[in-house]
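Colleague: I should like to learn how to read a structural model feature by feature. May we begin once it is on the screen?

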Amino acid sequence: MERVEPPKGYVLANKQTVEEIIAVEAELLRSEGVDPRWPGFPEAEEEHDEKQ
Amino acid sequence: MADEDADVDRTMRAERSVRSAWRDLPAYDRELLQNIGASQWQVTREALGGVVDDLLRSAGLGGLRQRDVRSLDDAAGVWIQELRLVLVNAGHHALAELDDATYEAMLARIAWHEWAHALSVVRATADDVANGERLLDLAPAGVANVIRRGGYRRSEYTHELVAEIYALLMSRRRRVSAGSRVGLATRSTIS
């Protein structure tokens, strides 16, 4: 039994694709006056893990 | 040995990033994902085609065709609707040379993109799907270009656009949230 419509997934063809995604995001953020630098996540205060 | 240590370090970083991205979701979206049984994820370093194929076969849902396995191998993340599971490939070749902060940002983005699929795929109407090309024309050019070059079917354009916009909004939310608390962060530049 084979699936007819498999999930496509989030395709990253190569490093250039990643750079393009980052550049597009940075441009959109700047256009809204948001600093595109990634601030990181705050330290977690409690564990809540839904990981399988 | 050094390569193995680096792989372990990256995988742990990826798991932390996806977990943090989950915590960063708006509470109502997180609760909805939990309520529809779509709150589980798995981080791997293997190409996703084989992983998805194994998981589907194990669940008795049928495997993928070889060409679909190969196609999915190019993906850094995927939402498997039948299994209610998000998979992320922390070892994807396109992520290999990123600095740590950019890697974290991309892992979070991939996870947000896939959770957006979980939230939205069942809500899209036939008209929404049929209008994918038109909706892409209305999207920011850069976003539309990334989707068009991703090799997606036209029937997937709407889903991909929704997921990309959601990931962008989450990414923006993270930055605004951090900026509102501590001023504009200076940890790293990803542009």
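Colleague: Where does B:R84 lie?

Modeller: Elements are defined first: helices (H or I, at least four residues) and strands (E, at least two) are DSSP runs, numbered from the N terminus. In chain B, the loop between strand 2 (75-80) and strand 3 (85-89) holds B:R84. Although B:R84 is not a glycine, its phi is positive, about 55°. This is a predicted model, in which local features need pLDDT of at least 70 and side-chain atom pairs count only at pLDDT 80 or more, while totals for chains, interfaces and linings use all residues. Residues are numbered from 1 along each chain as its sequence is written, chains are lettered from A and ligands numbered from 1 in the order in which they are written, and side-chain values use heavy atoms, with hydrogens and water left out.

Colleague: Is B:R84 buried, partly exposed or exposed?

Modeller: Buried means under 20% relative accessible area, exposed means over 50%, and partly exposed lies in between (1.4 Å probe, protein chains only). B:R84 has 27% relative accessibility and therefore counts as partly exposed.

Colleague: How does one check the span of helix 5 of chain B?

Modeller: The expected span of a helix is 1.5 Å times one less than its number of residues. Helix 5 of chain B (residues 100-120) has 21 residues and should span 30 Å; its end C-alpha atoms are 30 Å apart, in agreement. Of those 21 residues, 20 are buried, so the helix is largely enclosed by the rest of the structure.

Colleague: How is the packing of two helices described?

Modeller: Two packed helices are described by the angle between their axes and the distance between the axes. Axes are lines fitted to C-alpha atoms, for helices over the stretch in contact, and angles run from 0 to 180 degrees between N-to-C directions. Helix 2 (residues 27-35) and helix 5 of chain B pack at about 65°, with their axes 10 Å apart. On the helix 2 side the contact (heavy atoms within 4.5 Å) is made by B:D29, B:L32 and B:L33, and on the helix 5 side by B:W115, B:A118 and B:L119.

Colleague: What surrounds B:H117?

Modeller: B:H117 belongs to helix 5 of chain B and is buried, with a relative accessible area of 7%. Not counting residues up to four places away in sequence, B:H117 touches B:W79, B:H159, B:E160 and B:A163.

Colleague: Which residues of helix 3 of chain B are buried?

Modeller: In helix 3 (residues 48-58) of chain B they are B:L48, B:G49, B:V51, B:V52, B:D53 and B:L56. Their cover includes strand 1 (40-44), helix 4 (66-72), strand 2 and strand 3 of chain B. B:D53 has a relative accessible area of 10% and touches B:G63, B:L64 and B:V69, residues up to four places away in sequence not being counted. B:G63 lies in the loop between helix 3 and helix 4 of chain B and is buried at 0% relative accessible area. Just after helix 3 of chain B, B:G60 takes a positive phi of about 75°.

Colleague: Which residues does A:L28 touch?

Modeller: Leaving out residues up to four places away in sequence, A:L28 touches B:P140, B:V143 and B:L168. A:L28 lies in helix 1 (residues 15-31) of chain A and is partly exposed, with a relative accessible area of 25%.

Colleague: Where is A:N14 placed?

Modeller: A:N14 lies in the loop between strand 1 (10-11) and helix 1 of chain A. A:N14 is partly exposed, at 32% relative accessible area. Its neighbours within four places in sequence aside, A:N14 is in contact with B:H93 and B:A94. A:N14 and A:E32 are 18 residues apart in sequence and 28 Å apart in space, C-alpha to C-alpha.
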